[in-house]
Each structure stands twice: as structure tokens, then as C-alpha cells.
Amino acid sequence: MKDKGDGNGNGNGNDEIAAAAVSNTGVQGQKPALQVICLGSSGGPCEENVTGFLVRSVARGWERGSMLAVDAGSHLAAIVRILERDFPLVSGGAARAGFDGSVVVNGNGNGNGTAGHPTSSLSPSPSGDDALVQLPEPTVLESGPFAGLKLPHASARANALHVLRSYISTYLITHPHLDHISGFVINTAAFHATSKPKTLAALPSAVDAIKRHVFNDVIWPNLTDEDGGVGFVTFQRLKEGGDVMVGEGEGRGYIDVVDGLGVRSFKVSHGNCTKSPPSHHHRGSIAGLQDGHPALNSEQSQAMGRSLSTSQHAQFSAPGTPGGIAPRQSFYSSQPSPRLSATETSCVVDSTAFFIRDGDTQREVLIFGDVEPDSISLSPRNRTVWQEAARKIVSGVLGGIFIECSYDDTQADAVLFGHLCPRHLIAELQVLAGMVVEAKAARAFERSLRKRKRSAAVANGVESAAKHAMAQDGGLSDRKRSRSLAGRSAQWDARRSSVTDQSLPQTASASPATELSNVVENHGGMSPRSTATTTIATANAHAQQYPVHQPARGSLVPSGTYSEDVAPLAGIKVIIIHIKDTMKDGPHVSESILADLREHEARLQDVEGQGLGCEFVISQSGESYYF
């Protein structure tokens with residue numbers, strides 16, 4: 001549905017329409033802060049629907065430059081398809097021939113066999129060189145992913161290009177595989193009319209790969225602003241884990257990539273390469289080593305390579321799978337190094353997990369690039385991401401996780417090619433769930449400790465007031481006693497001459513000051529040592545009550561129970577992305593994946609007495625999700 005706007009097409013959208021669209025998304029309890037639009041949900045092999053998302057802050061509305069693209073395997077073409085729900089593919093103009101030879105007149109066909117779309121109301125063009133064509137009135141969309149956005153053109157193609165040029169300012173790339181960057185690369189041809197360069201933000205290794213192997217005037221023209229390029233694209237190199245010098249409080253480390261959206265980046269592993277590290281060290285990380293390790297520059301590093309025969313390589317290659325990625329069980333023959341083990345010499349393909357934070361509400365979503373399970377990875381790095389995610393779930397700021405599940409459970413570990421399947425995804429989420437339980441227990445203990453401190457402070461205040469009152473009463477008694485003793489001394493001096501025995505009996509008694517001191521020293525409160533002992537004992541008790549749950553390597557169900565009344569991941573949406581289409585007859589593989597996930601969840605409920613509690617959603621191109 002759409003509505004005619006009342007101004008030019010370059011302004012913000014209709015907030016009431018956008019709010020109505022949001023209210024129909026099923027979000028309950030609070031107003032959504034982030035919108036994620038899915039442009040591509042597949043991991044191939046069909047190129048029309050591969051990984052790509054748009055993210056925006058709902059509070060910022062439809063401001064220019066306010067949208068962030070996360071990966072862009074599919075991009076402009078997907079935006080066109082979404083807008084074809086409300087606009088014809090082509091509007092106005094003369095008749096043209098379709099691809100099949102049929103005649104399409106004035107845009108009444110949309111290029112895919114349907115007709116009847118409204119066309120723009122163009123006034124007849126007067127003859128002569130000074131002929132002017134009246135532009136159509138702006139249109140405000142009433143529904144769909146772009147609800148509330150004011151669009152100035154009459155066709156889906158023109159409006160899609162307007163969205164790309166005016167509203168998308170930054171491309172956040174998880175890793176440089178073609179199914180994550182191909183749309184962006186091809187769409188750079190449309191960046192020439194923008195007011196400033198588009199930003200490609202990624203970890204330095206991904207930026208380096210795209211710069212060297214794509215924008216090199218061989219694979220694609222150098223349209224960047226580096227090395228003498230045209231300047232359509234500029235690079236923003238992110239720091240792994242975030243920049244600790246940026247932001248403050250919970251926002252520390254988040255780097256703004258568009259106005260209103262900050263990002264923290266974490267490396268994850270996406271399989272390992274088939275070649276030895278010295279020949280392609282730029283492609284990924286050496287497991288167990290940090291960048292700049294001296295072993296990588298030594299002559300002995302030449303002995304770190306692993307050979308893979310042609311037959312073995314063919315055995316583990318599959319259509320639609322990058323040839324540079326091999327599974328862990330690829331029968332590598334290792335040549336031992338005197339400085340590094342065989343496992344440490346493996347070259348691991350880097351990918352990225354991004355925490356994206358709305359600056360106005362501090363709400364977040366977590367979007368993974370391609371990722372493999374820690375249980376079979378030569379460089380397991382998911383745990384670091386889950387630790388950060390668990391803390392955010394407990395604090396209530398993380399609402400959704402976008403994570404791949406490329407295959408169903410019929411795929412063997414040996415041919416996962418650096419991806420996840422349902423059994424491994426559930427195991428990873430169990431690690432997260434255990435950390436959530438631990439974080440909740442720690443938070444509850446901190447709250448009880450703060451409450452105890454507050455109670456102690458109140459008790460100390462009452463005690464101080466009592467001491468003050470006692471001190472005042474004691475001082476008054478001392479003054480009265482001093483005057484009484486002074487009078488008695490005068491009488492004793494007058495009678496001393498008549499008293500023959502000068503030895504007067506004396507009774508030892510504690511002064512009021514001494515009594516007060518004794519009261520303080522023998523107060524019934526706990527000493528600092530006893531308080532510390534109680535605190536440690538309580539912490540140990542909590543640690544025993546809330547154990548950390550970690551699945552054994554390759555295991556589906558960890559030992560122990562969650563000890564929670566509410567499922568650990570209740571309220572969290574897990575959006576399944578990067579599903580590899582089998583391109584076979586019968587049900588789509590996504591149905592099998594969802595069935596496998598639900599089966600594992602039911603098994604957890606039977607074995608553990610409680611499931612994870614998260615909601616699994618299969619992503620679809622053209623849908624949007626609010627958090």
C-alpha cells in the first residue's frame with residue numbers, strides 16, 4: 001500500500017505510518033529500536049538471493065545516510081524486488097520489447113509476468129527543445145520493510161536507486177567471500193552520483209583482501225580513494241573487539257559506522273585453507289598465533305606447510321563451495337615445525353561477528369558472518385562472542401541473533417566447509433545459555449551484596465547516632481560529677497586537720513568514657529574479617545548452585561541442569577541465515593533445518609527438563625525484523 005506525499009521525495013517519511021507498520025510486527029513490551037531488513041537469506045548456489053541486510057535505528061526515522069548494509073551479496077536487485085510490491089518495474093516511456101519478444105507498453109508489466117501496477121501521471125510533453133516533464137508526486141509507503149519512507153519516483157527501479165544513493169551510507173562486511181560482497185561490488189557503478197563516497201567498514205584483513213583482490217583494476221576498476229582510485233568508496237578499518245578509547249560506560253568500544261549506530265567486531269573462524277600459510281598468509285589467521293608472530297617471518301616457517309593431494313582436494317570440493325576452504329577432516333599431512341605444532345600452523349579463514357548498537361536506546365542485535373562450530377574448529381573463537389552476548393542478554397539490551405545454519409543434520413562434519421548445521425548450532429547456543437545462567441547468578445549475587453552493604457550502612461548509621469547520644473550523656477555526667485567532686489574537696493580540706501587517719505578507702509570504677517569504649521569494642525556487629533569470610537562462603541555457595549554449562553567437544557547435551565525457572569534464552573529471536581539451497585525437488589531445505597532445530601529443543605526439554613527458550617525464525621528475503 002502507498003500514499004501520496006505532500007512534499008519533495010527527499011525528506012523523512014511519515015512517522016505515523018512507520019509506527020503503524022512496526023506495531024504489526026509482533027513486538028511486545030517496548031517500542032522497537034532497531035529494524036533489520038533481509039535482502040538475501042541464502043548461502044547460494046543461486047546468486048539472486050545471497051547474504052545481505054539493511055539495519056537502521058527506528059528512532060532516527062528515515063534520515064539521509066541512516067541505513068547500514070551488513071554484507072551485500074544481494075543488494076540493489078533485492079531492493080528493486082521489494083519495491084515492486086508498490087511500484088511498476090518501469091513506468092512511462094514508449095513501448096519496448098520483452099526478453100521473450102512480447103511487447104510491454106508504458107510500464108504496465110513489471111518484467112516478471114504480472115501487470116496492473118499503477119503508472120506515474122506524466123503530463124504530455126510539449127514539442128520543442130524547451131519541453132518540460134512534470135515529476136510524479138512523492139509517495140509514502142504505508143506497509144512493508146520501507147513503510148514510512150517517502151519516495152520521489154514512479155518506478156521500482158528509480159526508487160531503489162534513490163534508496164541506495166540517499167539512505168545507505170556504509171557497508172559492513174563480515175568477510176570477503178563473493179556471496180557476501182558481489183552485490184556491493186557490482187553496485188559501485190551507481191555510486192558516481194552520490195554526494196560523498198560510500199564507506200566500506202570491516203576488519204583490516206577483510207579490507208586488505210577486497211582492496212588487493214577486487215578493486216585492483218583487474219577484477220574490478222579501482223573505485224576506492226586509495227592508490228590513485230576514482231574515489232567512490234572509502235575504507236573504515238575496524239579494531240577487533242572495539243576501540244577502548246572510544247565511548248564510555250556500556251558504549252565503550254563501539255565505533256560509529258553511521259549516525260546513530262555503533263559496532264563492535266569479533267573475529268570468528270570459517271574453516272581452514274588448503275594451502276600452507278607462507279603462500280597466502282593474507283587470507284586468514286594462523287591458528288594459535290597473533291598477527292606479527294616472529295615465527296611467520298622465520299625461515300623455519302617454510303616447513304609449516306601442509307600438502308593436499310589433487311584427489312583429496314576433489315573429494316572435499318562441492319558445487320557452490322569455495323575451493324579455498326576445506327573441512328577439518330581433510331587428511332592433511334603435517335610437517336612438524338620446531339617452533340609450532342601442526343595444529344598451530346593451520347591457516348584459518350577469518351569471518352566476523354558484529355554487535356550493532358542503537359545509540360539512542362542502547363538496544364543491540366548480533367549478526368554473524370559465516371562461522372563454524374568451536375567443537376571442530378582448529379581455532380575456536382565463538383566463546384568470546386558468547387561471553388559478550390550473555391552479559392547483554394542478562395542486561396536486557398540484546399534482542400536478536402542472526403546466525404547461519406547452512407545445512408541440515410544430514411551433512412557430515414567432514415563436509416561442513418566451515419559452516420554450521422542444527423546439531424552444532426544448538427550446541428553453540430547451549431554454551432551461550434550456560435553463560436547466561438552464570439551471568440544471572442553473578443548479577444543476583446552482586447545485588448544481594450549491595451543490599452547487604454546498604455543494610456550494614458543503615459545499621460552503622462543507627463550505631464553512630466547511639467554513640468553520639470551516649471557521648472553527649474557521658475559528657476554531661478562528667479561535668480556534674482566534676483562540680484560535685486570540687487565541692488567535696490573543699491569540705492575534705494576543711495576537715496583534714498581534724499582527721500587523724502589520712503588513708504581514705506578508694507573504689508575503682510570505670511569512667512563513662514571507659515564504659516563507652518568498652519561498648520564500642522564489644523559491639524555485636526561483624527568484624528571486617530568475619531564479613532569477608534561470609535562473603536567468600538556465599539560466593540562459593542552461589543557458584544555451586546549455578547554451575548557453568550559447557551558441552552563436551554562434539555556433544556549435543558551438556559551435563560547438569562540450568563537451575564532456572566525461566567529458560568535462559570527466553571525472549572531472544574535466533575534468525576537463521578545463509579541456508580544453502582539444495583536446488584532439488586521437494587520441500588526446501590530450510591524446512592528440514594527448522595524441524596531439526598525444534599527436535600533438538602524438544603530433546604533438551606526431555607533430558608534437561610528445560611529447553612533453550614529462544615525463538616527460531618527462518619529468514620526470508622524481503623522481510624524485516626524489529627528489536
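Select Val244, Met245 and Val246 to begin: in this predicted model, these residues make a nonpolar surface patch of about 310 Å². Val244 sits in the loop that runs between β11 (233-237) and β12 (255-258). Val244 is exposed, and its relative accessible area is 56%.

Next, display the whole chain. The chain has 627 residues, and 46% of them count as buried. Its secondary structure comprises 11 helices and 23 strands. The accessible surface amounts to about 30,900 Å², and carbon and sulfur atoms contribute 52% of that area. Contacts also show how the chain is arranged: among those with a separation of 6 or more, 72% are between residues 24 or more positions apart.

Then select helix α3, residues 156-166. Which residues of this helix are buried? They are Ala156, Asn159, Ala160, His162, Val163, Leu164 and Ser166. Two of them are helices, α2 (76-83) and α4 (178-187). The strands β8 (150-151), β9 (168-172) and β10 (198-202) complete the set.

Proceed to helix α7, residues 382-395. Within α7, the buried residues are Asn382, Val385, Trp386, Glu388, Ala389, Ala390, Lys392, Ile393 and Val394. Step past the end of the helix to Gly396, which follows α7 and has a positive phi, near 85°.

Finally, select the cysteines. How many disulfides does a search of the whole structure find? The search finds zero. To examine one case, show Cys273 and Cys347 with their sulfur atoms. The cysteine sulfur closest to that of Cys273 belongs to Cys347, and the distance of 4.0 Å is too far for a bond. Cys273 is buried, with 0% relative accessibility. End the tour at Cys46, which is partly exposed, with a relative accessible area of 28%.

Notes
Residues are numbered from 1 along each chain as its sequence is written. This is a predicted model: local features need pLDDT of at least 70, side-chain atom pairs count only at pLDDT 80 or more; totals for chains, interfaces and linings use all residues. Side-chain values use heavy atoms; hydrogens and water are left out. Patches are made of residues with over 30% relative accessible area and no salt bridge: like charges are joined within 9 Å, nonpolar side chains (Val, Leu, Ile, Met, Phe, Trp, Tyr) within 5 Å. Accessible areas come from the Shrake-Rupley method with a 1.4 Å probe; for residues, only the protein chains shown count as cover. A salt bridge is a side-chain nitrogen of Lys or Arg within 4 Å of a carboxyl oxygen of Asp or Glu. Helices (H or I, at least four residues) and strands (E, at least two) are DSSP runs, numbered from the N terminus. Buried means under 20% relative accessible area, exposed over 50%, partly exposed in between (1.4 Å probe, protein chains only). A disulfide is a pair of cysteine sulfur atoms within 2.5 Å. Contact means heavy atoms within 4.5 Å.
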